[in-house]
Amino acid sequence: WRVRLLARADVAMGAATRLILSASTLDLVLPSKMGDVAKAWVLTRKHGFEGERALSLVILEKALDMAALLVWGVPALLWVGGRDSLCWLAAAGVAGLLALLVLLLSPVPLTAWLLRLLARFAPARVGARIDRFEEQWTAIVTWFWSGRRAAGIVFLSVLLWGAHLFQFWLFARALGPAIPLADNMAFATLSILAGLVPLTAAGVGTRDAAILFFYGPALGGGAAAVLGVLATSRYLIPALGGLPFLSDYWQGGKARKEERP
């Protein structure tokens with residue numbers, strides 16, 4: 001639904017759903033959830049989007065996801081930080097990242113200025129592509145913040161990530177002693193961020209190590225390891241659902257050519 005809103009209804013609900021699921025399949029083999037960015041390829045080849053518009057759309061969606069996660073994580077880390085200096089340090093870093101995302105997503109033309117600066121020092125061909133992307137990014141951000149749509153989409157993003165973190169809490173409750181919800185939000189946020197570090201496919205290993213570190217003292221090592229498996233299932237199940245739609249990544253262009261007279 002959110003993809004369809006951001007695409008200005010140029011993508012049907014069914015197409016948006018298969019786009020999300022197929023990106024989840026790529027996320028399982030690519031680091032840092034780069035399958036989300038690869039959605040731009042399908043939007044360009046199958047749905048006729050300009051490349052720069054498609055890329056700006058998926059980057060906006062990914063940035064909204066990250067910001068929505070941190071909106072929950074920063075207060076939780078500050079709450080937990082009263083008992084752990086490491087959480088205070090993590091809260092400062094996460095709050096800085098959230099502030100940067102808010103600046104980049106805001107109508108303040110900081111991102112446009114940075115892109116124009118980058119284009120000035122890039123080779124001519126690359127600079128031209130950056131300029132075109134900057135135009136599309138400025139257009140989509142201006143459209144996003146006009147009217148009342150921004151409040152609804154931001155609220156939806158925050159609500160979705162609250163549900164994700166609540167799911168982590170349910171996993172933890174099923175495995176051992178009760179963990180306070182705020183503590184869970186702090187631990188899950190840091191674990192998810194660790195999984196985005198581009199060291200392994202789908203964050204397997206890095207995310208599990210973070211879960212063991214943060215949840216281990218409360219749940220025990222064995223239960224925390226099982227929590228890591230359950231966390232990975234959150235990526236595995238949508239990835240399996242997206243397998244039938246992976247053909248969109250190599251058949252979209254062919255399909256569009258066949259539609260032409």
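How many helices and strands does the secondary structure of the protein comprise? The count is 12 helices and 0 strands, where helices (H or I, at least four residues) and strands (E, at least two) are DSSP runs numbered from the N terminus. The structure is a predicted model, in which local features need pLDDT of at least 70 and side-chain atom pairs count only at pLDDT 80 or more, while totals for chains, interfaces and linings use all residues. Residues are numbered from 1 along each chain as its sequence is written, and side-chain values use heavy atoms, with hydrogens and water left out.

**Figure 1. Overall fold of the protein.** From the N terminus on, the order of elements is α-α-α-α-α-α-α-α-α-α-α-α. The C-alpha trace spans about 65 × 40 × 35 Å along its principal axes. Of the 261 residues, 45% are buried. Buried means under 20% relative accessible area, exposed over 50%, and partly exposed in between (1.4 Å probe, protein chains only). Contact means heavy atoms within 4.5 Å; among contacts between residues at least 6 apart in sequence, 68% join residues at least 24 apart.

Figure 2. Thr25 belongs to helix H2 (residues 13-27). Its relative accessible area of 9% is the reason why Thr25 is classed as buried. Beyond its neighbours within four places in sequence, Thr25 is in contact with Pro238, Ala239, Gly242, Leu243 and Leu246. For Leu243, the backbone nitrogen lies 3.4 Å from a polar atom of the Thr25 side chain. A polar contact is a pair of N or O atoms within 3.5 Å; within protein, one must be able to donate a hydrogen and the other to accept it, and residues adjacent in sequence count only if both atoms are side-chain atoms.

**Figure 3. Arg8 and Ala9 in the loop between H1 and H2.** Arg8 is placed in the loop between helix H1 (2-6) and H2, and Ala9 also lies in the loop between H1 and H2. Although Arg8 is not a glycine, its phi is positive, at about 60°. Ala9, likewise not a glycine, has a positive phi of about 65°. Arg8 is partly exposed, with a relative accessible area of 38%, and Ala9 is partly exposed with 45%.

**Figure 4. Ala182 in helix H9.** Ala182 forms part of helix H9 (residues 181-195). Its relative accessibility is 24%, so Ala182 counts as partly exposed. Apart from neighbours within four places in sequence, the residues in contact with Ala182 are Ala76, Trp79 and Val80. Ala182 and Tyr235, 53 residues apart in sequence, are 23 Å apart in space, C-alpha to C-alpha.

**Figure 5. Leu219 in helix H10.** Helix H10 (residues 206-219) contains Leu219. With a relative accessibility of 11%, Leu219 counts as buried. Setting aside neighbours within four places in sequence, Leu219 is in contact with Ala172, Gly176, Pro177, Ile179, Ala224 and Leu227. The C-alpha atoms of Leu219 and Phe155 are 32 Å apart in space, and the two residues are 64 residues apart in sequence.
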